[in-house]
Amino acid sequence: MDEPESAKISMTRSSEAVPSPAGQPPKTNGAQSKDMRGRPRRRADAIFRMLVQGSGVVLLVIMAAIAVFLILQAIPALKADTTNFLTTLNWAPDSTPSSFGIAALAFGSLLTSLLALVMSVPVAVGVALAISHYAPRWLAGPLAYVVDLLAAVPSVVFGLWGLIYLVPSIIGPSKFLSTYFGFIPLFETNGTYGKSVFAASVVLAVMIIPIIAAISREIFVQTPRDHIEAAWAIGATKWEMVRTAILPYGRSGVVSATVLGFGRAIGETIAVALVLSANYEISLHILQPGGNTIAANIANRYGEAGGIGRGALIASGLVLFVITLIVNFGARAIVRRGEREGA
Amino acid sequence: MAQAVEVKAGNSRLIRAQLSRRFLAAIAAGAIAVTFALFIATPLHGLVGFVLVAAVLYVVAQTVISNVVEGRRAAMNRLVTSVVVVCACAAVLPLVAVLGFTVIKGSAVLDLSFLTHTMRGVAEQDPYGGIYHAIIGTLEQVGLATLLAVPFGLLVAIYLVEYSTGRLGRIVSFFVDVMTGLPSIVAGLFIFALWILALGQSFSGFAGSLALAILMLPTVVRSAEEMLKIVPDSLREGSYALGIPKWVTVVRIVLPTALAGIVTGVMLAIARVTGETAPLLLTVFGNPALNFNPFSGAQASLPLFVFGEAGLPNETAINRAWAAALVLILIVLVLNIMARVIARFAGVRS
């Protein structure tokens, strides 16, 4: 055997896969490929193709089924609702007459998520910059790792931490804000503090920082070397380099990361359910106990819900589903536009 | 004379004085001292508050002094650098706080008896009881979800990378993205609406597995897709050149090459759903007693256990919640670290 070693190895591979005479020299491959057009193998190829393509189709069917079954199960409850589902503040689906609405919940979901974004986006962008351009190499790796670990902590643990530790310790800062900045409607209170929208949005902010930071960091490190060097060459300080090279390049990435973080925050259930003390009012007073979100309401009211109550919760879940769909479509559109501009 | 001044001014514009490290340290010491004075004189208190006030004072003082000595641009640069450092700390701090609290509170309760007993007949104020039933439930539910989601996800990933060319591929890829953003409670509601309400099944571990599988699926597809994409085309071409059919090439050449990366992605997906609570609440329901059979009857799970005990107004129950949270975090972190170790030592080599 004077064949090179590599040829022998690949021949053993092919002889495992294709039943052909072993030890045949590579030059006679033409004969083999003719062999390959034999029917049984092509059928196997077609079956495999159908299998993987079918899985793709099943995935689409699942997505469609989610929408269909939520709608089907929500319809009876929506019919039983004697008040307007979109504008009612109250949630009493199982009482007679049944009355429930999404207004307070949707408002609460949007408010907590927006507040969480306001707190988390600057921090997340800062962390992303720290990892991509500020921290020395020996620190950047571990820092990125720690931020990723933060994303892995289960939400129920964040909820427990928020309930036992954050809620009591946030009373001090809340009092401070309401005493000195109480003239701003947002910081007005009725004198009670604790399980508030503010506490819930701090927990949410902590939970979405790693998501926004990870995506932003990925974009920041892709900034073309030329842009950075050009900024250095005209004598920019580090901040001027970041402002003129990195931030403009990463802007669409940061925006889409923000939108994805928003989608994550608005769907978060357990942490919010543990931290908020639920009510059904629309109030901008974020420092006092109260507030609610669609997701937390499902977790809180599920156990006690009767037939119509369950349907009502499914209807609210449908609203949440639609909101996250819109948010995700928006994020994709922004990414696509960013890619087109970048090209 | 006028000329000399001009030259001097020109010089100072090119190379201005810079703050030395020693001077910055002095500013820091001053900031801490002022904070001490503030905390003695005013009702401010607490370690976190102290660090916060001192940091703000330092950053403000540094910026103002730098503005005077070094000029506006340098001051701005210093300010932003400080803000970035503060952001990095602000992101790390919660992790330290959450992990620290869980370890301290949890390790006080966690012992062998806690791991080997259930909550059957245990009232909330009783100091005994454990999470054996919850661990069994979590292992079974996550295991079943993995069995459902991983083969399915792999097939979808293979379709997207190796087979899709036209519109269907783009649509599937798009909906994988949409699925990534699906809130976990909606996945739970879907299984509740389909499996329990429409098909009339009872609460069971398997219903929870279905919901978890939906949440795992996009993560598995995306990570497997990334890994399959970086398998060099030369391997595929080499295989085709030897007359090997496409499906054998995919199964025996492409998949083994990407295996380590795929395993990493699967483990991260498992870690993610292990901590999911909301979907299980609607499908598994929770159960204080041991139920080995995931296909019939309500089961317990670790996240559900934490949620249930945390909501009880009793110190003993909350301590149990911390201990269960510690076990949960340990499982998730071990999965994460293992995934990263595998990724580091056996990544795809091109």
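Student: What radius of gyration does chain B have, beside that of a compact globule of 350 residues?

Tutor: The radius of gyration is taken over C-alpha atoms, and the globule rule is 2.2 Å times the number of residues to the power 0.38. Chain B has 29 Å, whereas a compact globule of 350 residues would have a value near 20 Å. Along the principal axes, the C-alpha atoms of chain B fill a box of roughly 95 × 70 × 35 Å. This is a predicted model, in which local features need pLDDT of at least 70 and side-chain atom pairs pLDDT 80 or more, while totals for chains, interfaces and linings use all residues. Residues are numbered from 1 along each chain as its sequence is written, and chains are lettered from A and ligands numbered from 1 in the order in which they are written.

Student: How many helices and strands does chain B have?

Tutor: Helices (H or I, at least four residues) and strands (E, at least two) are DSSP runs, numbered from the N terminus. Chain B has 14 helices and 0 strands.

Student: How are α5(A) and α4(B) oriented to each other?

Tutor: Two packed helices are described by the angle between their axes and the distance between the axes. Axes are lines fitted to C-alpha atoms, for helices over the stretch in contact, and angles run from 0 to 180 degrees between N-to-C directions. Helix α5 (residues 137–152) of chain A packs against helix α4 (residues 72–109) of chain B at about 50°, with the axes 9 Å apart. The pair is therefore oblique (under 35 degrees is roughly parallel, over 145 roughly antiparallel, 65 to 115 roughly perpendicular, and the rest oblique).
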